[in-house]
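Please examine the sequence and the model shown below before reading on.

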Amino acid sequence: MKCFHPRGARRIAAAAATAAMLFGVAAAQPTPGAAAGWSLADAAAPYKGTTINVVILDRPSYVAEKALIPQFEKTTGITVKTTTYPYESALKAETLNFVSNSNQYDGILADLIWTGTFANSKWVVPLSTFTSNPKLADPALDLKDFFPVWLDAFKWDNVQYGLPFDSYSGLLYYNKCLLKKAGFSSPPTTWAELRDKYGPKLTNKSAGTYAYALQSLRGETQTADSFSRFLWDFGGSWYDPKTYAPQLASPGAVKGMEFRASLAPIMPPGIVSDDHAQVVQLMAQGKVAMITEWSSFYTTLNDPATSKVRDCLAVAKEPAGPAAADPAFGGFAYMVSSQSPQAKQDATYLFIQWLASKAVAPQLINKGAVVARKGADTDPALMKKYPYLAPMVAQWAHSNYDWRPRIPQYPQMSEVVANYGSQIQQGSLGIKPGLDKINDEIKGILTSGGYIK
Amino acid sequence: MLAEQQRAQPALSLPVSKRERRQRLTPWLFLFPGIGVLLAVGIYPVIYALWASVHKVDLVNLAAGTPFDGAQNYFSAFLNSLFTGAVARSLLFLAISLPLELALGMLIALYLHGTVLPRVRSVVRVVLVIPMAMTPVVVGLIGSLVFNNQFGLVNYLIGFGHMQSVDWLGNSQLAYLTTLALQVWQWTPFVTLILVASLATVPPEIEEALRLETKSWLKRLRYVQLPFLLPGITAALIFQTAYIVKLFDMVYTLTGGGPGVSTELVSIYIERNAFRAFDIGTAAAQSVILLVITIVLSNLYIRFFYVEAEA
């Protein structure tokens, strides 16, 4: 994996940790003897009566998680309490928990872009601590069954910190009925096609219907869903992976933002104030024909209680840009808080291991979660039932876990992009001057972080 | 003689002196929990903010230490166009919403003080409390639904008049005006209630006498009611200035500071800086600047508006 941490002094420790992790992984592989001797109930016996607190989000995968928690509680006698946050508040809540030395949360939910922050501050425990303990490690965990890009996303200095849960790829959701009515039998495969060929035919402003909607609310939605998507697809990137020199005002980045601005005529007005929920609703109510959204929102769009377009819903890979870059990539993992007492850490690991297990994955998918398990995601019966699985799995084969940088300075960088990115999109700041400001400020952040000498 | 003995007794008797000390201590014991809470939630955070404002405090990199940084955080704040822009937006918000709240509040208060039947007055007073009783978060959430471009109630009603829907929250200027409108809607009743209470202090015989002298309500307001209203107006100005300068919840749930930075008031900007970028040092310096602005404005109000009325 690529390591983005600049400090070479950690290499020896990283090598040792890697060896420990590999040992742990090896210990976790199913062996006939271990498989016969290990059970969740036995492993959890010392922790019966323990209560752990786990962070969850107000998104579909966590509804599925909550529905399955009683199974775990019944088997283990461990009580799992959940605390729900909207995405935009989760990092703040968890960080304040850590810096105040609190043990309010035992199970830490980490977006892949928080991996560097949490690991660098030693707020989370390396997984090898648990996978190397035969009493805790389920021999059937089978780490090789996870998509490699997802395991890599939660490594820091080559040490594994989390097991993936709620794993996304950016997908093109489209209303096949509207497309058919406009004379299209298949969705667009490139951004140019979406704008020039599909856009005009699917936009009818007087009827209040539009071809496409791009969630662009200021915050991580602006940075990830709106800015990064067009940055990479048109040849830009965050920074040079070797020198860390920012590339946010490069010709590719300018082209990407110019293209994004050119989508305005085929999008509903006020898109800069729309978050995931609003854009998904626009699609669900038949007001827009296409959106590019995370795989997790398939559940909302396919639910007859929340969607009018269920019978017309179809999913495809994201349109490609001229740079044919890797598609939008994002998602979460559960980690164990280093500030929890040992017994709670062990109980939390047992919960995380169970939640991310091969056996639970199909149940989670059936209840609306998205998981990064090869066995479940490529199961023919599930693929037939859930059409988002095929394009999601296909895109993960060439996804980049550093689609957004995972360094500890990312939250600051994201704020800069969100600040100027939405002003650029509104037109209150020119594209080139805006990108120059972003580039300069991010260069300052990377310099003070020790990345640029 | 007896009185002298009684006066001398406490000075000579040790147990009485102890009792006196205990009596002197009693009020402090009652006050202690309140003072303790005030110190913990009011004074300590201010002291911490002052300390953090002159140190480099990066919440996600505390391992690097918190070195003394002099006035660097203050320089950064003044040189940051996003912060100065947010301060300007907040001051403009204050300059528009405060006079509106005062004018509307005064009109309603005078109406309630005038000829309205006592029963109607009681009902209106209760109705006035409803917007204030709602938490700002709920006001923001309701606002985001009511003013939603595609599904909102306001655009739905506009549709009956065959007018084009309006992008209330997606257009920079309209989003700012919508936020202002919600602020004025929620807090005009507060100003009204303060002014109604002030009007109740006007001696009825003076009002009666002036009513016989002149029919002009403007003269009554200028020469009799206004002197009694000034302390209430000053209180409303101070409360509302402090509230608007730190206004966060309603705007956060309504627009999140967007679109772009068009509704990013200074408190929202500082929160982002502190808890998204985790730059506590700079955010603390910006908070101190905000505190100074509030204190200066409050002193100006007291200097120019506050006059004790004499009946």
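**A guided reading of the model**

A:Q423 is buried, since its relative accessible area is 12%; buried means under 20% relative accessible area, exposed means over 50%, and partly exposed lies in between, for a 1.4 Å probe and protein chains only. This is a predicted model, in which local features need pLDDT of at least 70 and side-chain atom pairs count only at pLDDT 80 or more, while totals for chains, interfaces and linings use all residues. Residues are numbered from 1 along each chain as its sequence is written, chains are lettered from A and ligands numbered from 1 in the order in which they are written, and side-chain values use heavy atoms, with hydrogens and water left out.

A:Q423 belongs to helix 20 of chain A, residues 410-426. Helices (H or I, at least four residues) and strands (E, at least two) are DSSP runs, numbered from the N terminus. Leaving aside residues up to four places away in sequence, A:Q423 touches A:S428 and A:L429, as well as B:L82, B:G260 and B:V261. Contact here means heavy atoms within 4.5 Å.

A:S167 is part of strand 6 of chain A, residues 163-175. Its contacts, not counting residues up to four places away in sequence, include A:W150, A:S295, A:G330, A:V370 and A:W396.

The backbone also deserves attention. Most residues other than glycine have a negative phi, and most peptide bonds are trans. A:K122, although not a glycine, has a positive phi of about 60°. A:K122 is placed in the loop between helix 6 (115-120) and helix 7 (128-131) of chain A, and A:K122 is exposed, with a relative accessible area of 56%. A:D142, also a residue other than glycine, has a positive phi near 50°. A:D142 is found in the loop between helix 7 and helix 8 (148-153) of chain A. Is A:D142 buried or exposed? With a relative accessible area of 15%, A:D142 is buried. In chain B, a cis peptide bond joins B:G258 and B:P259, with omega about -5°. B:P259 is in the loop between helix 11 (249-254) and helix 12 (266-275) of chain B.

The next topic is the division into domains, whose bounds come from an automatic or database domain assignment. In chain A, domain 1 covers 8-167 + 329-396, and domain 2 covers 169-328 + 406-448. The C-alpha centres of these two domains of chain A are 29 Å apart, and 31 residues of domain 1 are in contact with 24 residues of domain 2. Chain B is divided into domain 1 (2-53) and domain 2 (80-305). In chain B, the domain centres, taken over C-alpha atoms, are separated by 40 Å, and five residues of domain 1 of chain B are in contact with five residues of domain 2 of chain B.

The last topic is how helices of chain B pack. Axes are lines fitted to C-alpha atoms, for helices over the stretch in contact, and angles run from 0 to 180 degrees between N-to-C directions. Helix 4 (residues 81-113) and helix 5 (residues 118-133) of chain B have axes that come within 10 Å and cross at roughly 155°. Helix 4 of chain B is therefore roughly antiparallel to helix 5 of chain B; angles under 35 degrees count as roughly parallel, over 145 as roughly antiparallel, 65 to 115 as roughly perpendicular and the rest as oblique. In this contact, B:I108, B:L112 and B:H113 of helix 4 meet B:R121, B:V124 and B:L128 of helix 5.

Helix 8 (residues 172-199) and helix 10 (residues 217-245) of chain B pack at about 150°, with axes 9 Å apart. These two helices of chain B are therefore roughly antiparallel. Among the residues making the contact are B:W187 and B:F190 of helix 8 and B:F228 and B:F239 of helix 10.

Helix 10 of chain B also packs with helix 13 (residues 280-305) of chain B; their axes come within 10 Å and cross at roughly 170°. This makes helix 10 of chain B roughly antiparallel to helix 13 of chain B. The meeting residues include B:L230 and B:L237 of helix 10 and B:L290 and B:L297 of helix 13.
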